[in-house]
Amino acid sequence: MSAFINKYVHTGRLVPKVKATWRHHLGFFSRKEVISFVNALPRERAKLVNSAEAGEIIGCSRSTLGRLISSGQLTPTSGRRVDNTHHYYFPKRQIENFGKTRNRRISV
């Protein structure tokens with residue numbers, strides 16, 4: 001399987017009909033499942049923000065964002081520590097809520 005499909009299988013967003021065995025690294029998907037998955041990608045992407053966008057929303061630098069991830073205050077849905085991809089992605093709602101509470105604490 002390609003690295004792209006492997007990432008979605010690993011995170012459970014795409015489930016193969018036949019799982020890989022020690023000899024074969026193939027997964028078979030139903031046509032209906034693949035079409036619905038591909039159609040859902042833009043909607044899923046709209047619900048996510050990357051590291052740069054998250055930093056702007058929260059109002060912090062990338063290094064501070066890294067410390068927030070390490071301390072467990074922010075939980076990425078994708079990234080180096082989750083599925084070994086290059087960029088971190090976060091649920092947009094989580095980042096917006098965190099930014100609101102962080103800004104309230106700073107302004108008090």
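User: What is the mean pLDDT of the helix where confidence is highest?
Analyst: The model is predicted, and the protein averages a pLDDT of 76, with 67% of the residues scoring at least 70. Confidence is lowest in helix α1 (residues 3-10), at a mean of 69. It is highest in helix α3 (residues 51-58), where the mean is 90.

User: Which pattern of helices and strands does the protein follow along the sequence?
Analyst: The protein contains five helices and two strands. Among the contacts with a separation of 6 or more, 46% join residues 24 or more positions apart. Read along the sequence, the order of the elements is α-α-β-α-α-β-α.

User: What percentage of the residues count as buried?
Analyst: The protein exposes about 7,800 Å², and carbon and sulfur atoms supply 56% of that area. A residue counts as buried when its relative accessible area is under 20%. Of the 108 residues, the share that counts as buried is 27%.

User: Which element gives the largest share of the largest nonpolar core?
Analyst: This core has twelve residues: Val 49, Ala 54, Ile 58, Cys 60, Leu 65, Leu 68, Ile 69, Leu 74, Tyr 88, Phe 90, Ile 95 and Phe 98. The elements that give two or more residues to this core are α3, α4 and α5 (92-107). The largest share, three residues, comes from α4.

User: Within what arc do the buried residues of α3 fall, seen down its axis?
Analyst: The buried residues of α3 are Ser 51, Ala 54, Gly 55 and Ile 58. They line one face of the helix, because seen down the axis of α3 they fall within an arc of 100°.

User: Which residue caps the N-terminal end of α3?
Analyst: Just after α3, Gly 59 takes a positive phi of about 85°. At the N-terminal end, a side-chain oxygen of the capping residue lies 3.2 Å from the backbone nitrogen of Ala 52. The residue that supplies this oxygen is Asn 50.

User: Which exposed residues does α4 carry on the face turned away from its buried side?
Analyst: In α4, Thr 64, Leu 65, Leu 68 and Ile 69 are buried. They cover an arc of only 145° around the axis, so they sit on the same side of α4. Just after this helix, Gly 72 takes a positive phi of about 90°. The face of α4 turned away from the buried side carries the exposed residues Arg 67 and Ser 70.

User: Is Ser 78 buried or exposed?
Analyst: Ser 78 lies in the loop between α4 (62-71) and β2 (89-91). Beyond its neighbours within four places in sequence, Ser 78 is in contact with Lys 7, Asp 83, Thr 85, His 87, Tyr 88 and Tyr 89. Its relative accessible area is 5%, and the cut-off for buried is under 20%. Ser 78 is therefore buried.

User: How many Å apart in space are Phe 90 and Ser 78?
Analyst: Phe 90 is buried, with a relative accessible area of 0%. Phe 90 and Ser 78 are twelve residues apart in sequence. From C-alpha to C-alpha, the distance between them is 7.1 Å.

Notes
Residues are numbered from 1 along each chain as its sequence is written. This is a predicted model: local features need pLDDT of at least 70, side-chain atom pairs count only at pLDDT 80 or more; totals for chains, interfaces and linings use all residues. Side-chain values use heavy atoms; hydrogens and water are left out. pLDDT is the predictor's confidence in each residue, from 0 to 100. Helices (H or I, at least four residues) and strands (E, at least two) are DSSP runs, numbered from the N terminus. Buried means under 20% relative accessible area, exposed over 50%, partly exposed in between (1.4 Å probe, protein chains only). Contact means heavy atoms within 4.5 Å. Accessible areas come from the Shrake-Rupley method with a 1.4 Å probe; for residues, only the protein chains shown count as cover. A nonpolar core is a set of buried Ala, Val, Leu, Ile, Met, Phe, Trp, Tyr and Cys residues joined through side-chain atoms within 4.5 Å. The arc is that of the directions from the helix axis to the C-beta atoms. A polar contact is a pair of N or O atoms within 3.5 Å; within protein, one must be able to donate a hydrogen and the other to accept it, and residues adjacent in sequence count only if both atoms are side-chain atoms.
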